[in-house]
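This report covers a few local features of the structure shown here. Please keep the sequence and the model in view while reading.

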Amino acid sequence: MAQDWSDVIKGEILARNPEIASINKQIHENPELAYEEYKAHDDFVSILKSLGFDVTPRAFGVETAFSAESGSGGRLLIFNAEYDALPGIGHACGHNLIASSSFASFLGVAAALKASGIPGRVRLLGTPAEEGGGGKLKMIASGAYKGAAACLMVHPGPGHNLSGSIRGVSYVRMLANVKMRVYFTGRESHAAIAPWDGVNALDAVCLSYNAISMLRQQIHPYERIHGVFRSAGDRPNVTPANCCVEYYVRSETRSGAERLWQRIRVEPLNSYADVRPNVSLCKAYMDVMPEGTVSYSEPADILAGSTDMGDVCYECPGFHGVFGIGTKEGEANHTKGFAAAAGTDDSFERAKECGMGMALVGWKVLSDDEFAEEMQKEWEQDMKLAAEGK
């Protein structure tokens, strides 16, 4: 019986290849920045409505978010579809592939729910502004993940860092990221006529930047501090009076990143929690993917950054696996080479394969009470550890 529903899931994803490929192509060819993803939003809403789904555009108080749902009663399963791009380099983090894989998963599970008649709901969330905008943070605050049994998504990574038959990694920890903007206020003066009347805010910025650079000698190997000058004066002959720097501080847990910030401090920006994958979901994903193609947790640094999916992991059991795409040395995420690789047919096929795997795991969440209970207990225990800063 379970195999029959697996066949339904796989068959639906294969049958909907034109729609999935269309959204993948549209998003990749029309990169839009955080909170400006109007075309991606409208294209998704249009396709979902054409397939007969109930869709809420501009969902959860976010102009470029959407929500589509199928089924009734039972547990709630969520898939995240990201689609924002990066300034100047387009989809250099492959969010078109994230959107495609989650779309495929949603379609597969929705078909199985309809065919089987079992209680359960599956929701596809369009989650904008992952690249620094914290879109999921706003959606969490508005209740997008309330009552969810699990939330799943996969993320493309540099395939050249994987070896042999391995094409993906299931259990992927990512760093918490606390972001701050620091303002320095001085006093203007003419830099040639009366420099003594000025208080140079840029000097203060430079001193602080160098001091923080030296602080890096005393932080843990898994911690990161990096920043940029947002404002550093306008003209050389005017003593800069108002300057600003922006910093990202990363550590392996949210509490660890916050502790590290106490050594700097300032205006908080949207900050991301650490990704805490659910082990039960990760193992289930490995079980349904082609044998020998997905490792459990190696290489551990396949995607060593931060994401607002980390905050979702604090709301419900989460999965954020990684799959490799056809990159070369020097073409990791956030490069033009990665953006090009994210647009190939091979990358799309890999995303679709992962979407099929996620759908099978999601089906287990909805249909297997024992598995769902095990997953929930594990998550509750992990949240206790998180509260202790572990």
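The model is predicted, so local features need pLDDT of at least 70, side-chain atom pairs count only at pLDDT 80 or more, and totals for chains, interfaces and linings use all residues. Residues are numbered from 1 along each chain as its sequence is written, and side-chain values use heavy atoms, with hydrogens and water left out.

**Pockets**

A pocket is an open set of points on a 1 Å grid over the protein atoms alone, where a 1.4 Å probe fits, with protein on both sides within 12 Å along at least five of seven lines; lining residues have an atom within 4 Å of a point. A volume is the space filled by probe spheres set on the points, which are joined across faces, edges and corners. In the table, Ala, Val, Leu, Ile, Met, Phe, Trp, Tyr, Cys and Pro count as nonpolar, Asp, Glu, Lys and Arg as charged, and the others, Gly among them, as polar.

| Pocket | Volume | Lining by class |
|---|---|---|
| Largest | about 680 Å³ | 14 nonpolar, nine polar, four charged residues |

The largest pocket has a volume of about 680 Å³. It is lined by 27 residues, and Leu-86, Glu-131, Arg-250, Ser-306 and His-334 are the closest to its centre. Strands β5 (148–158), β7 and β9 each give two or more residues to this lining. Strands here are DSSP runs of E with at least two residues, and helices are runs of H or I with at least four, numbered from the N terminus.

For the second largest pocket, the lining has 21 residues; Arg-173, Met-174, Leu-175, Ala-300 and Ala-304 lie nearest the centre.

**Strands β7 and β9**

Seven of the 10 residues of β7 (residues 176–185) are buried, so this strand is largely enclosed by the rest of the structure. Buried means under 20% relative accessible area, exposed over 50%, and partly exposed in between (1.4 Å probe, protein chains only). Strand β7 runs antiparallel to β9 (residues 242–251), with 10 bridges joining them; strands pair if DSSP finds at least two bridges between them. Asn-177 has Arg-250 of β9 as its bridge partner.

**Backbone features in loops**

In the loop between β1 (54–57) and β2 (66–72) lies Arg-58, a non-glycine residue with a positive phi of about 50°. Phe-60 is found in the loop between β1 and β2, and its phi is also positive, near 55°. Arg-58 is partly exposed because its relative accessibility is 47%; Phe-60, at 25%, counts as partly exposed.

Glu-298 and Pro-299 are joined by a cis peptide bond, with omega about 0°. Pro-299 belongs to the loop between β11 (294–295) and α9 (309–312).
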